[in-house]
Amino acid sequence: MADQTVSGGGAGLVSVPAASGATARWARRAEALALPLGALVVGLLAFGLFLLALGKSPVQFYELVYKAGFGTWFSWQNTLSRAAPLLFAALCVALPARLGLMIIGGEGAIVLGGVAAGGIGAAVAGWPGAIAMPVMAVFAMLAGGAWIGAVGALRQKRGVNETISSLLMAYIAIAVMNHLVEGPLRDPASLNKPSTAPLPEALRIGEMPGMDVHYGFLIGVICCVISWVLIEKTTWGFAARLVGGNVRAAQIQGLPVGWLLIGFTALGGAFAGLAGMIEVSAVQGSANGSLAAGYGYAGILVAFLARHNGIAIIPVAILIGGMEASSGLIQRRMDLPDATVLVLEGFVFVAILLSETLYGRFKAFSPERWRTA
Amino acid sequence: MSDFRIPTRRGFLKSTAALGGAVALTGLGAGRALAADTTVGFIYVGPKDDYGYNQAHAEGAAAIKGMPGITVVEEENVPESVDVQKSMESMINFDGASLIFPTSFGYFDPHILEMAQKYPDVRFEHCGGMWTADKHPMNVGSYFGYIGMGQYLNGIAAGHATRTKKIGFVAAKPIPQVLLNVNSFLLGARAVDPEITCQVIFTGEWSLAVKEAEAVNALTDQGADVITCHVDGPKVVMETAAGRGAFVCGYHADQSALAPEKYLTGAEWNWANVYTDMAETTLAGGTIDNFVRGGLAEDFIKMSPLGPAVSDASRAQFEDTMATIKKGGFSVIKGPLKDNKGGVIATEGQAFEESDVALESMDYLVEGVIGSTS
């Protein structure tokens, strides 16, 4: 069914008109880059005013963000370590978003992926890492994929709002995780912090050469690139964007809309599940309640800042990772509460959302202008 | 927004208020850490004014802030993930911290253990952990207090205050430390009246305000008229229970301000004493013991002052028992004692002192506690 569409009249439904020419395409790209960057700057400035109102120095604040996030080699390692789970969490938002679905419950897929990886890891503890770790990853992705895929299916089959259901299912997922690590999967030796059995060293993801950042970051970057290629360069991605652009049109074209919705939500969930596996294997060493660290929610911000573009997620995750890396130093040096960085992220988020209304409003970015010029 | 009032109330703004905007151009304030002999870092898993676990540690940190030669740096709301590892490293790299107190139980394995290997010259002191010589690095220490005794004393005050002979306990998770507190609370009350029962409700999380409030309402609906808890921040439990007309016993820190009329007493940590000792040892060039435990007698634990609702008979038994506990050799868990499923925990003459390691793997609720560990 899909081949019918792609070669057919579908092309006219996506953004870039065929005849717009290279200059016009660059104008659009410049707009896609300039507007979020401009919004970022506006958000940072607005937050600066907020700090002034509190009697704090914005200059000192941003100096500290720079120092703790990007100013030293340790800061970079700190930033990249924090960015790693955000890459996956953002994909769980971004992929469904390209089909017009707002999934905000990636946290659930992360914790279930972690529990699956921890449980399987404990069961295959004697296996060589080269076999056991992919098995853990597959089960984590299945768990996460099934969880968010179910959100997509509820939406498709029963018309349940995916935003609400994914959020509520995240709470269910955390309860399921607690039940499993405190019950059937609990290592009896984990007395005051119920956990699955600790993974042997062979099943632990190590650090990349020369730095204190685990391979999860690299895997995350690869997943982002794969997602970008999938969405931008394949017929499936094309069909997905078509569904996101106009679901009626996609149906009329004969696209398998239901399968696309469920498939892409499941894929997003699978990436989040993989994040859980990496948390367990690279950081925690076992699955336990610490898995619910809020990465799933931070990923929403990253995905929106990146406008749901897989490649853009990489620098944005690093930026947000850097902001979070600076939270501690800001608390210690400026006596501001830890929520300060959350407020900053909120300012930036609102600025980005507001900037969405500005697309096509600036003449400089208009393809028409460049075509005639 | 309420978060932004926190520093004001707790006085943390004072030090920077004068700086205002001018500090902007003076660089990053890096000189501050270098001036002191020892920089001590404190990391909290929740807000440091939670009226509970984290506030108790923050009060301990505040106690050593004024000591000459000590600079304190703090971070709150740090998750038990790579975040806490990086917070520790950041304190070491940017502030020159040489003694760090990552205070949440979940920070120990693997986070503190990894950082301790990476930074062998830094001392890591962890609350609640079980440091073991053959498993853990020498630059790690663990400390904890026998706060079950405090819950036993809470139970005595509760036993005198209850009219319905039903008391209630809001608990986070059915883990040994929590179960010991539940059992101690009930056994304290039964030292007053053996017919008293205690209903326990587990919320499943350390900090989950909505469920904590629901649990209090459920307990009072069923007739419980004295409530205590073991969650990270007892504020919601105290206020909700007092609002329902029940008496309350505190936990972790002093919550009397939240319910002045209904507050009987509370089992509090006395980290100010413990941290002052540890800071003095460090300043004197000594080494803190790797495994530190203490109770009421060692001033690791203290009781909130008795509230206005406490009767004279209650006060007498409370103070008498406290004196007995401080003398040493007192056991809360002693035979004959059964669990609430009928299994024998201790036979006649058998007793577990507060320091008995068997208590650190407790997995039962004693007879008289209504509830289940699973």
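I'll start with one residue: A:Arg307 sits in the loop between helix H12 (295–305) and H13 of chain A. Helices (H or I, at least four residues) and strands (E, at least two) are DSSP runs, numbered from the N terminus. A:Arg307 is not a glycine, yet its phi is positive, about 50°.

Some housekeeping. This is a predicted model, in which local features need pLDDT of at least 70 and side-chain atom pairs count only at pLDDT 80 or more, while totals for chains, interfaces and linings use all residues. Residues are numbered from 1 along each chain as its sequence is written, and chains are lettered from A and ligands numbered from 1 in the order in which they are written.

Next, chain A and its record. UniProt, in an unreviewed entry, lists "transmembrane region" for residues 33–54, 83–101, 108–125, 131–151, 163–181, 213–231, 252–275 and 341–362 of chain A. UniProt positions are given in the numbering used here, feature names are shortened, and annotations may be inferred rather than shown by experiment. Take two of those spans. Residues 163–181 of chain A are 100% helix and 0% strand, with end C-alpha atoms 27 Å apart. For residues 213–231 of chain A, the figures are 84% helix, 0% strand and 28 Å between the end C-alpha atoms.

Now helix packing. Two packed helices are described by the angle between their axes and the distance between the axes. Axes here are lines fitted to C-alpha atoms, for helices over the stretch in contact, and angles run from 0 to 180 degrees between N-to-C directions.

In chain A, the axes of helix H5 (residues 106–123) and helix H11 (residues 257–284) come within 6 Å and cross at roughly 50°. That makes H5(A) oblique to H11(A); angles under 35 degrees count as roughly parallel, over 145 as roughly antiparallel, 65 to 115 as roughly perpendicular and the rest as oblique. H5(A) passes H11(A) in a right-handed crossing. A crossing is left-handed if the near helix is turned anticlockwise from the far one by less than a right angle, and right-handed if clockwise. Residues of H5(A) that meet H11(A) include A:Gly106, A:Gly113, A:Gly114 and A:Gly118, and on the H11(A) side A:Gly269, A:Gly273 and A:Glu279 are among them. Two residues are in contact if their C-beta atoms, placed from the backbone, lie within 7 Å. By class, the contact of H5(A) with H11(A) has 11 nonpolar, nine polar and one charged. Ala, Val, Leu, Ile, Met, Phe, Trp, Tyr, Cys and Pro count as nonpolar, Asp, Glu, Lys and Arg as charged, and the others, Gly among them, as polar.

A second pair in chain A is helix H6 (residues 129–158) with helix H7 (residues 162–182), whose axes come within 10 Å and cross at roughly 145°. The crossing of H6(A) and H7(A) is right-handed. H6(A) brings A:Trp147, A:Val151 and A:Arg155, among others, and H7(A) brings residues including A:Glu162, A:Ser165 and A:Met169. The contact of H6(A) with H7(A) divides into six nonpolar, three polar and two charged residues.

On to the interface. In total, 43 residues of chain B are in contact with 38 residues of chain A. Which helix gives the most to the side of chain B that touches chain A? H5(B), with eight residues. That side of chain B has 17 nonpolar, 16 polar and 10 charged residues.

A:Ala325, A:Gly328, A:Leu329 and A:Arg332 of H13(A) make the contact with B:Lys86, B:Ser87, B:Ser90, B:Phe94 and B:Asp95 of H5(B). Those residues divide into three nonpolar, three polar and three charged.

Last, chain B itself. Its domain assignment gives domain 1 (2–145) and domain 2 (148–268 + 299–370); such bounds come from an automatic or database domain assignment. In chain B, 10 residues of domain 1 are in contact with 12 residues of domain 2. Helix H4 (residues 53–65) of chain B supplies the largest share of the domain 1 side, five residues.

Chain B also has cis peptide bonds. One runs from B:Asp109 to B:Pro110, with omega near 10°, and B:Pro110 is in helix H6 (residues 108–118) of chain B. Another joins B:Gly335 and B:Pro336, with omega about -5°; B:Pro336 lies in the loop between strand S13 (333–334) and strand S14 (337–338) of chain B.
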